[in-house]
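Trainee: Please take one part of this model and go through it closely. I would like the pairing of the strands explained, with the terms defined.

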Amino acid sequence: MHFDETELKAKDGRTFSLRSLEGLDAEMAIAFMGRIYAQSPYLSRYADEWSMSVEDERLYLERAHLAERHLMIGTFAAGELIAIADCYPMYSVSKMVHRCNCSIAIDRAFHGLGIGTAMMKVLIEEARSVGYEQMELEVVSENAAAIALYKKLGFVACGLLPHGFKNRDLSYYDLLSMVLTL
Ligand SMILES: CC(C)(COP(=O)(O)OP(=O)(O)OC[C@H]1O[C@@H](n2cnc3c(N)ncnc32)[C@H](O)[C@@H]1OP(=O)(O)O)[C@@H](O)C(=O)NCCC(=O)NCCS
């Protein structure tokens, strides 16, 4: 899906630009995801498990850009990618075409500025406009910032999967399922 470049005004007065990602963003997207996996313990992989090639990422972003129901957006600070969020179909079978999943990650240096709220609002509006009826996600139950963001936007908790992630120190994280009716 395409989303035209728009200005995003942060809580501290800075402005960022937000737009859909395209194939030409592949190198920046790979570097961004590598950084974010190293920064956050709450994502589904470790940074050393991230090994996407530029060509594969380019194809992935191009496909999303051309797809009718897969939106990938990025926020840029002075041309640098500092956040990615996406919304994509759960499954293609007809009984589940009303459901989409979403994900979001913002560079630590830019947390707490309202960027997460602004990006999630874009995902929600665009998901609604292409006919999804509900948006779903799983979040580590200790990820207070993400859970606060989702609740603020109307997501409700609908289940807890014990031991959804097993960490390298052998501890576990439970995964909270949340859903937003669109
Ligand atoms: C979760 C995340 C996307 C939030 O993005 P953000 O841009 O910092 O969020 P916002 O500034 O829009 O804040 C949204 C709300 O979250 C809450 N919040 C933000 N930081 C918080 C914190 N550290 N603790 C508790 N609540 C917090 C506030 O309620 C805030 O609402 P308010 O603006 O009305 O006060 C960001 O922390 C992030 O990318 N984390 C790492 C990756 C991740 O965990 N992704 C989600 C995986 S499911």
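Mentor: β3 and β4 run antiparallel and are joined by seven bridges; two strands count as paired if DSSP finds at least two bridges between them. Helices (H or I, at least four residues) and strands (E, at least two) are DSSP runs, numbered from the N terminus. This is a predicted model, in which local features need pLDDT of at least 70, side-chain atom pairs count only at pLDDT 80 or more, and totals for chains, interfaces and linings use all residues. Residues are numbered from 1 along each chain as its sequence is written.

The hairpin of β3 and β4 has two residues between the strands, and Ala78 takes a positive phi near 50° there. β3 also pairs with strand β2 (residues 15-20), in the antiparallel sense, over four bridges.

Strand β3 (residues 71-77) is mostly covered, with five of its seven residues buried. A residue is buried if 20 or more other C-beta atoms lie within 10 Å of its own, exposed if 12 or fewer, and partly exposed in between, with C-beta atoms placed from the backbone.

In α1, the buried residues are Ala26, Ala29 and Phe32. They sit on the same side of α1 because they cover an arc of only 120° around the axis, taken from the directions from the helix axis to the C-beta atoms. On the other side of α1, Glu27 and Ala31 are exposed.
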